[in-house]
Structure formats: structure tokens, C-alpha cells
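Please read it alongside the model.

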Amino acid sequence: MAYLDGELDEEANREIEQTLAHSPVARNEVEMLTRTFELLDVLPPAKATKEFTDRTLATMRMTDGRPPLAEQRWFQRVRRGLAVVVCLAALSGFAAVGFLTTNAWLPDESEMLVEDLPVIERLDVYREVGDVQFLKDLQRRGYLLDDPEPDTNQ
């Protein structure tokens, strides 16, 4: 279009003329555009009705008076609300991961109590023993069983 209107500088105009000299397809396209413009010059100019002009101007006034979406107050509130929701969701996710991780890694105190239940059940008896000398006396008299020999197969 700029070539046909004579709006190109000398270098661009020269490049297009070289392309036209070597390409029959490009020459055909330029000839078709030239004929189209000549036919447009023959047609009478179109006149817009007053109603069309009024509607177009009213639409322009409406779009010019409204601020962009990012500047509208309701949009800013929604954006802040979404930021708060995203932060709360991330915080909840981190809390859940932390809870599950520590729950899996830290020992459960109730399990340790269950393992030590036989000792806990007889704790009163063990407290009455007093010291190790009493246990040695009981063993010497035959009231306590000797420790079983360790299994050497292991």
C-alpha cells in the first residue's frame, strides 16, 4: 500500500521494484491492488447517517470515561481477596505438611509406655527391693533364676 501511495523511501522502493521485476506473482498482486483502487475512485463516497455518527460518538464517550479494569475498585478488592485466600491456602498446606512430617518422625510417648507396661505394672515391687545387694542375696538363696545363657547362633 505504501508503495502504491508513493510513501516509501528510495531504498525500500528499489527493493520492491526488484522483487516486482523478478516475480510475476508479485506483479500480478500489485496490478490487482491498482485496479481495486481505481474502481474505488469511481464509486461515490459513502456518507454516514446522523444516527450512525451519534451512536459511534456515544460509544466512544462510554469507553473513554471508564477506567481500565485494573484500576476499577471492585477488581482491586477481588484481587486483594484472592491474594488473602492464596496466602491462607499456602499457610494451611505448610501447616499440614509440618504436622504430618513431625507426626511420622517423632516417637509416640504412648507406644513407649505400652512397651514398658510389664515394668510399670510391677513398679511397686521393684521399689521395695531397695538396692542390688538384696537381689544378690535372693539369687544366692535360689529364689531368683539365673540369666539364661546367651544364644551363640545369632
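With which residue does Arg-140 form a salt bridge? The points below begin with that pair.

1. The model is a predicted one. In it, Arg-140 is bridged to Asp-137, and their closest N and O atoms are 2.3 Å apart. Both residues belong to helix α9 (residues 132-141), where they stand 3 residues apart, about one turn of the helix. Arg-140 is exposed, with a relative accessible area of 61%, whereas Asp-137 is partly exposed at 21%.

2. The structure holds 3 salt bridges. Another of them joins Lys-50 to Asp-54, with 3.4 Å between the closest N and O atoms. The two residues are 4 apart within helix α4 (residues 50-65), about one turn of the helix. Lys-50 has a relative accessible area of 63% and is exposed; Asp-54, at 36%, is partly exposed.

3. Helix α4 also carries the pair Arg-55 and Glu-51, which lie 4 residues apart and are therefore separated by about one helical turn. Their side chains meet in a salt bridge at 3.9 Å, N to O. Glu-51 counts as exposed, because its relative accessibility of 55% is over 50%.

4. Arg-73, Arg-77, Arg-79 and Arg-80 form a positive surface patch. One of these residues, Arg-77, is located in helix α5 (residues 73-105) and is exposed, with a relative accessible area of 55%.

5. A negative surface patch comprises Asp-108, Glu-109, Glu-111, Glu-115 and Asp-116. Within this group, Glu-111 is part of helix α6 (residues 109-115); its relative accessible area is 52%, and Glu-111 is exposed.

Note on methods
Residues numbered from 1 in each chain as written. Predicted model: local features only at pLDDT ≥ 70, side-chain atom pairs only at ≥ 80, totals over all residues. Heavy atoms only, no water. Patch = residues over 30% accessible without salt bridge, like charges linked within 9 Å, V, L, I, M, F, W, Y side chains within 5 Å. Areas by Shrake-Rupley, 256 points an atom, 1.4 Å probe, with all protein chains shown as cover. Salt bridge = Lys/Arg side-chain N within 4 Å of Asp/Glu carboxyl O. Lys, Arg positive; Asp, Glu negative; His and termini not counted. Charge placed at Lys NZ, Arg CZ, Asp CG, Glu CD. Buried < 20%, exposed > 50% of the residue type's maximum accessible area, 1.4 Å probe, protein only.
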